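Hi everyone, thanks for coming. I've got one structure to walk you through today, so let me put it up on the screen.

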Amino acid sequence: MLTYHILTFGCQMNFNDSERITRIAENLKFKKVTDRFKADLVIVNTCGIRQSAEDRVIGIVPKLRKKRPNCIIIITGCSAHRKDFQKKLVSATSYFIEILKLPQFLKELAESKIKIVKQEQEKASSPANPADFFKISPLYSSPLSAYVPIMTGCNNFCSYCVVPYARGREFSRPSKDIMQEVKQLVTNGYKEIILLGQNVNSYQPEPSKNEKIVSFPALLEKISNISGDFWIRFLTSHPKDMSDDLIELIARSNKITNYIHLPFQSGSNRILKLMKRKYTIEHYLQLITKIRTKIPQAALSTDIIVGFPGETKEDFGKTAQIMKTVGFDMAYISAFSSRPETVADNLVDDVSEAEKKERKLILTEILEKTALKNNQSYLGKEVEVLIERQKPSLAKKHTYLGKTETYKNIRINLNANQSVKIGSFCKVKVTEAGIFGLEGTL
Ligand code: SAH
Ligand code: SF4
Ligand code: F3S
């Protein structure tokens, strides 16, 4: 029996792709092992968003090969096609396979049609497309919470970003398939559905007789009409495309959670232009005002890049100011990393690594202040919590961990005669607030 292990890097999209690959492997009766050094087959699902993501793979794979000279190592995912990445891994890798072609490849491997020859390249030649790939049902990792992609790829070509090259042009899943998947999940007791897309606002399925959905808010509304007790989250929204309809829908729906991830990337219009983001910071702030007016309890998170080529201290100061003005609950702050193929790769990466680090630190300090302040506003209030798991320590057997509707981690302390069910919604009174989480009692 073939044992396998999947190593996944990158975003939720890759995580979900790996769940589909897991389904295929299990259907083929491969046996999953948790230790990659014990697997006959290791699939590495790569990410190329920053150089550091590729460097981790370059660090891991040769070591694995050294310990396991005969195991089959497949490199797949967002960087598998990149020639200079391949070059660094070629001696340690068995195959580089596009993720869409991997299901067919694994089937052929199971049937041993493919003779395993080390260093042989790109074997699966059958045509593959996202539509077929999405038809594979994921083997979800969690019994409560599921990622459901509504689209893949991106047409935006922000100047720093590899996603349009890694995942190709936008493809939207037919709404019927999405509805079917969500209905099935809800029937099976799932409580949190996280819709995924690089830019969910440009969801646009192929027009057909059966396809009546024409926009993301229309899809979201349809999903929120599915009966059952569950939360809907979604990411990512692009500020240039987020509509008033969407904000109003979130405000009036009790299933769509009041948590919005809206990357602004930079507070400087000059840098936004160089990034080809196609909005101004004034437009972004207007959106925030609309959100805060219609959904006062909303939690907000964002993505920021510091040290984009040519970012001056003044440009950076504008980013820091936006952080203070908006007061985010969470921010994913990255140092600019020059990526091959992208437009920004032709610009001079002129902000030093030390300066990038310093700028990240300054933004992190602002975030810690605003997140703490926002969390403190929950003190003494009652919030709805999805119970996710018990704290894994015997001494704390009356402590559970969960999420609020606004995507905050919360620890729930029960007294000896109380109990909660994992996967249930509970009312929790908030007693403590920290930078990255809350604490409370039933
Ligand atoms: N589709 C999403 C972003 C997906 S990538 C959007 O448009 O907002 C996730 C985040 O990685 C980006 O928001 C950006 O902040 C960061 N990122 C992307 N390319 C990067 C690069 N070359 N260097 C540093 N950070 C990058
Ligand atoms: Fe990348 Fe921009 Fe597309 Fe987001 S919208 S995935 S940052 S190109
Ligand atoms: Fe995601 Fe990385 Fe690909 S962020 S889309 S896994 S390049």
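This is a predicted model: local features need pLDDT of at least 70, side-chain atom pairs count only at pLDDT 80 or more; totals for chains, interfaces and linings use all residues.

Okay, ligand 1. Which residues come nearest to it? There are 15 residues around ligand 1, and the nearest of them are Tyr160, Gln198, Gln265, Asp303 and Ser337.

Now the polar side of things, looking at nitrogen atoms of the ligand. At serine 337, a polar backbone atom sits 2.8 Å from a nitrogen of ligand 1. Tyrosine 160 also uses its backbone: an N or O atom there is 3.0 Å from a ligand nitrogen. With arginine 50 we're talking about the side chain, where an N or O atom is 3.5 Å from a nitrogen of ligand 1.

How much of the ligand does the protein bury? On its own, ligand 1 would expose 540 Å², and 89% of that is buried by the protein. As for where the shell comes from, the elements giving it two or more residues are strand E12, residues 299-306, and strand E13, residues 330-335.

Are cysteine 47 and cysteine 71 buried or exposed? Buried means under 20% relative accessible area, so cysteine 47, at 10%, counts as buried. Cysteine 71 has 5% relative accessibility, so that one is buried as well. And disulfides? With sulfur pairs within 2.5 Å as the cut-off, the count is zero.

That's my bit, happy to chat.

Technical notes:
Residues are numbered from 1 along each chain as its sequence is written. Chains are lettered from A and ligands numbered from 1 in the order in which they are written. Side-chain values use heavy atoms; hydrogens and water are left out. A residue is near a molecule or strand if one of its heavy atoms lies within 4 Å of it. A polar contact is a pair of N or O atoms within 3.5 Å; within protein, one must be able to donate a hydrogen and the other to accept it, and residues adjacent in sequence count only if both atoms are side-chain atoms. Accessible areas come from the Shrake-Rupley method with a 1.4 Å probe; for residues, only the protein chains shown count as cover. Helices (H or I, at least four residues) and strands (E, at least two) are DSSP runs, numbered from the N terminus. Buried means under 20% relative accessible area, exposed over 50%, partly exposed in between (1.4 Å probe, protein chains only).
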